Amino acid sequence: MAATERREGTLAERERLAREIHDTLAQGLSSQRMLLQAADRLWDSAPGTARDHVRTAAAIAERSLAEARRFVHDLTPADLAEGGGLLRALHAVAERETTPGLTVRVHTEGSPPDPLPAPVESALLRIAQGALANVREHAAATTATLTLTCLDDQIVLDVTDDGRGFDPRAPAAAAPASGAGERGHGLPAIRARLRQLGGTLTIESAPGEGTALSAAIPLEPR
């Protein structure tokens, strides 16, 4: 029994680390790669824009380093640790994800409980980061919206985009937005976070019609 418990604990810790690495280091490195590739293409024709890309990549590297240090010590995500709560953190994520080709907006309905449980805040922030990473890398969207809806007994985060969409019923390898291939922890990581909190994930999409992801987490009634 003791050996089984140790093995289960090891597997759970590996899963946690895989999610954290995906939601911090992997996303940051992916963004930096895209920015540096763009800078390389524009270095001669538009040096000012190229330098902007390099500066943005450096800022992402700094943020990723802070996140890495925090998850190694199992601390709150950096955006939440800076204060201001979940809404401010979502706005910070939206601002970082907004590029000349993609506009990310934040919309709220109702006011989140104060204080919102820390595990719920962390999970929703990580879900927003993971969903927007999928939008950035797979959807070819021009706009995306984070909508936080606060009800008496649950809090819901919707992430919608106007991208190419996909068939949610298709196998993972055939669904571009599913995080298949080198992004294999995309949607599975989101589902795992929600499962730990008794939440649910709903995805509505079709080829050519964009995608709507809805993550709902139950709360104690107010």
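Here's a quick walk through the strands, the pocket and the cavity of this structure.

So, first the ground rules: this is a predicted model, where local features need pLDDT of at least 70, side-chain atom pairs count only at pLDDT 80 or more, and totals for chains, interfaces and linings use all residues. Residues are numbered from 1 along each chain as its sequence is written, and side-chain values use heavy atoms, with hydrogens and water left out.

How confident is the predictor? pLDDT is its confidence in each residue, from 0 to 100. The protein's mean pLDDT is 82, with 80% of its residues at 70 or more. Residues 173-184 fall below 50, and that stretch makes 27 contacts in the model beyond near neighbours in sequence (a contact is heavy atoms within 4.5 Å).

Okay, strands. Two strands pair if DSSP finds at least two bridges between them. β1, residues 103-109, and β2, residues 143-150, are parallel partners over seven bridges, and threonine 108 sits opposite leucine 148 of β2. Between them the chain goes through α5, and this β-α-β crossover is left-handed. By convention, right-handed would be a clockwise path from the first strand over the helix to the second, with the strands pointing away from the viewer.

Then there's β5, residues 211-218, which runs antiparallel to β3, residues 154-161, through eight bridges. β5 also has β4, residues 200-205, as an antiparallel partner, with six bridges. β4 and β5 make a hairpin with five residues between them, and glycine 208 in the turn has a positive phi of about 85 degrees.

On a 1 Å grid over the protein atoms alone, a cavity is a set of points where a 1.4 Å probe fits but cannot get out; a pocket is an open set with protein on both sides within 12 Å along at least five of seven lines, and lining residues have an atom within 4 Å of a point. Volume is the space filled by probe spheres set on the points, which are joined across faces, edges and corners.

The largest pocket holds about 810 Å³. Its lining has 34 residues, with Ser31, Ile60, Arg96, Thr99 and Arg136 nearest the centre. α1 gives the largest share, ten residues.

The largest cavity is about 120 Å³. Twelve residues line that cavity, and Ala131, Asn134, Val135, Thr211 and Leu213 lie nearest its centre. α5 contributes the most here, four residues.

Methods:
Helices (H or I, at least four residues) and strands (E, at least two) are DSSP runs, numbered from the N terminus. pLDDT is the predictor's confidence in each residue, from 0 to 100.
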